[in-house]
Amino acid sequence: MTTENFLYGLYNDDDRLVEGIKKLQSKGIKVNDAYSPFPIHGLEDVLGMKWTRIAITSFMFGLGGLTLAILAINYFMIIDWPMNIGGKPNFSLYENLPAFIPIMFEFTVLCAAHGMAITYFARNMTFPGLPARNPHPKTTDDHFAVELSFRNNEMSVDDLRNALKETEVVEIFEKERITKFL
Amino acid sequence: MEQFTFTDKHKKVSFGLIGVGLLAVLYGIFTGQGERTWVSAMINGWYFFSIGLAATFFIAVNMASQAGWFVVFKRLFEALNMFLPVGSIMLIIVFIGATFHWTHMYHWMDSELMDPHSEHFDYIIANKEPYLNLSFWWLRIILLLGVWNLFAFLFRKRSIVEDEEAQPKKWFKKNITLSALFLVFFGYTIHIGSWDWIMSIDTHWFSTLFGWYIFAGVWITGMTVAIIMTLWLKSKGHLKEINSSHIHDMGKWVFGISFLWTYLWFSQFMLIWYSNIPEEVTYFIARIEDYKFTFWTMVLINFIFPMLLLMSKTTKRNPGVLIFVGIVILFGHWLDSYFLFTPGVLKDQGTIGVVEIGMLLGYAGVFLFVVLSQLAKAPLMVKEHALLEESLHHHIN
């Protein structure tokens with residue numbers, strides 16, 4: 001487990017957070033991350049977030065689910081134990097395909113959705129039972145935090161604190177948080 | 001104010017297309033293929049009518065749900081919506097033809113079927129007489145088309161008045177009421193329309209899902225036409241207010257409704273295929289035995305193209321991809337319209353040839369003439385709307 005010490009500024013308004021980040025960035029300070037109880041429009045652009053690739057993983061999981069469903073149905077219903085349901089052709093996957101499409105569809109959706117959710121948890125380190133990553137309990141309520149890294153910024157601690165003070169911040173504090181579990 | 005001008009070039013193209021359509025009609029009549037020409041009139045009439053109907057419905061959906069992003073598209077949809085009266089006339093021509101027995105499109109209109117002493121007496125159809133008789137049928141036509149057209153006119157008129165009066169708050173609330181009324185009426189009557197005008201062609205056959213399936217087809221056709229028109233107008237330098245987020249939203253609609261259509265089509269097909277009851281399965285036997293390749297092509301292109309090509313965010317914002325997919329599924333849904341009418345009337349004799357394609361072009365000419373002249377009648381962007389400001393700043397990631 002690796003931990004790192006960060007500097008945080010707490011805001012009580014989402015617009016002040018975005019304005020604060022812009023002000024810090026105009027001074028050449030690299031902002032590491034921001035914490036908010038709800039999505040803020042335009043925040044990802046200000047932070048320069050990369051476009052998420054989770055849609056691609058979801059597609060892959062869906063494709064995997066579809067393949068698995070076809071293989072399993074073919075084994076259960078055609079090879080291992082062909083069943084005569086309503087007189088439908090029971091020795092051919094192709095001729096009986098319409099009957100299997102609902103199951104294939106459901107299993108594709110199941111795998112895509114669960115795969116995407118689990119990937120999301122793993123990527124964000126937010127599995128149930130793990131310690132919370134947010135710096136301040138109020139960032140899940142009505143406050144917003146900006147996170148500055150000492151490593152990424154060449155400035156001294158005091159300069160960073162002063163730069164934060166010049167924005168409409170309500171609280172400044174240092175805190176250690178886990179950056180990697182493995 | 002930004003204004004679309006209906007130029008001579010547009011007129012020439014429209015009249016050229018209408019000329020092609022007239023030639024196709026004459027070809028159909030003088031080669032002795034009257035019935036084929038009537039069916040073709042119904043296929044194309046329904047296809048273009050559904051674009052107007054979808055526009056009216058979509059305006060109502062967005063006004064009732066107070067959608068902000070839609071406001072920049074409003075005038076375009078109003079122009080499509082003003083095609084509804086002309087589309088209704090296209091349908092009424094066929095209905096009159098059927099009533100006077102110039103075409104035998106609706107089998108149940110044959111009075112011998114209802115007469116117990118006739119050798120053509122059909123017990124099943126005779127039992128449907130309380131619903132399927134000419135006077136009640138015409139009453140429903142007048143009610144449905146009348147009310148739909150009334151709402152189409154009201155939506156357009158209110159939008160123009162709103163611009164002049166500059167009281168967006170008042171009209172915002174009034175429009176919610178009006179569109180909610182329309183949606184309730186439309187939700188019931190689209191089913192009645194689809195039973196009366198389409199399902200009754202295969203008189204013995206029935207499907208409880210049919211109205212939903214027709215509704216999804218109507219909606220996707222209208223949305224696809226709207227997105228192609230938007231991109232065309234944008235390429236001509238109009239509609240600068242429409243940004244890539246708006247286009248993205250329209251792409252999502254096309255993607256989503258394609259799935260809705262496929263879902264309903266497949267639900268109807270699978271239940272009938274599985275239970276395999278003679279009175280139900282005839283509908284699909286008539287389509288699959290005689291038109292196997294075209295029928296499955298229709299289903300597959302309407303599903304595969306939007307699914308694979310419009311799945312990612314980048315392609316939903318890419319005009320080239322959208323126009324390509326749009327044209328493919330417009331053709332796909334024209335084929336869907338073809339299969340609604342042809343196998344029921346012409347049995348295994350249906351083809352896609354000069355008459356069908358020629359009349360498609362002719363009806364497209366009428367459609368372009370009406371829609372483009374309506375576009376030119378009002379500024380392309382509404383001046384006054386409660387959500388206009390929100391729509392202009394629409395931005396999604």
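Predicted model: local features only at pLDDT ≥ 70, side-chain atom pairs only at ≥ 80, totals over all residues.
Mentor: From the N terminus, its elements run α-α-α-α-α-α-α-α-α-α-α-α-α-α.

Trainee: How many helices and strands does that give chain B?

Mentor: There are 14 helices and zero strands in chain B.

Trainee: What does the globule rule tell us about chain B?

Mentor: For 397 residues, a compact globule would have a radius of gyration near 21 Å. Chain B has 21 Å, which agrees. Its C-alpha atoms fill a box of roughly 70 × 45 × 40 Å along the principal axes. Also, buried residues make up 42% of the 397 residues.

Trainee: And chain A, what is that built from?

Mentor: Chain A has five helices and four strands, in the order β-α-β-α-α-α-β-α-β from the N terminus.

Trainee: How is chain A divided into domains?

Mentor: Domain 1 takes in 2–49 + 142–180, and domain 2 takes in 54–124. The centres of domain 1 and domain 2 of chain A, taken over C-alpha atoms, are separated by 45 Å.

Trainee: Where does A:Met125 sit, and why is this residue called partly exposed?

Mentor: A:Met125 is in the loop between α4 (97–124) and β3 (144–149) of chain A. A residue is exposed at 12 or fewer C-beta neighbours and buried at 20 or more. A:Met125 has 13 inside 10 Å, so partly exposed is the label. Its phi is near 55°, a positive value in a residue other than glycine.

Trainee: What about B:His101, why does that one get the label exposed?

Mentor: Count again: B:His101 has 12 other C-beta atoms within 10 Å, and 12 or fewer means exposed. B:His101 lies in the loop between α4 and α5 (123–127) of chain B. This residue is not a glycine either, and has a positive phi of about 60°.

Trainee: Which residues does B:Gln33 contact, leaving aside neighbours within four places in sequence?

Mentor: B:Gly28 and B:Val355. B:Val355 is 322 residues away in sequence, but the two C-alpha atoms are 9.2 Å apart.

Trainee: What makes α3(B) mostly covered?

Mentor: Eight of its eight residues are buried. Among them are B:Lys74, B:Leu76, B:Phe77 and B:Leu80. What covers the buried residues includes α2, α4 (84–99), α6, α8 (210–235) and α13 (354–377) of chain B.

Trainee: How do α3(B) and α6(B) cross?

Mentor: The axes of α3 (residues 74–81) and α6 (residues 134–165) of chain B come within 10 Å and cross at roughly 145°. The crossing of α3(B) and α6(B) is left-handed.

Trainee: Which residues meet there?

Mentor: From α3(B), B:Lys74, B:Glu78 and B:Asn81 meet B:Ala152, B:Phe155, B:Arg156 and B:Ser159 of α6(B). By class, that contact holds two nonpolar, two polar and three charged residues.

Trainee: Last one: how many residues are in contact between the two chains?

Mentor: Eight residues of chain B contact six residues of chain A. On the chain B side there are five nonpolar, three polar and no charged residues.

Technical notes. Residues numbered from 1 in each chain as written. Chains lettered and ligands numbered in written order. Domains from an automatic or database assignment. Contact = placed C-beta atoms within 7 Å. Nonpolar A, V, L, I, M, F, W, Y, C, P; charged D, E, K, R; others polar. Helix = DSSP H or I, 4+ residues; strand = E, 2+ residues; numbered from the N terminus. Rg over C-alpha atoms; globule rule 2.2 N^0.38 Å. Axes fitted to C-alpha atoms, helices over the stretch in contact; angles between N-to-C directions. Left-handed = near helix turned anticlockwise from the far one by under 90°.
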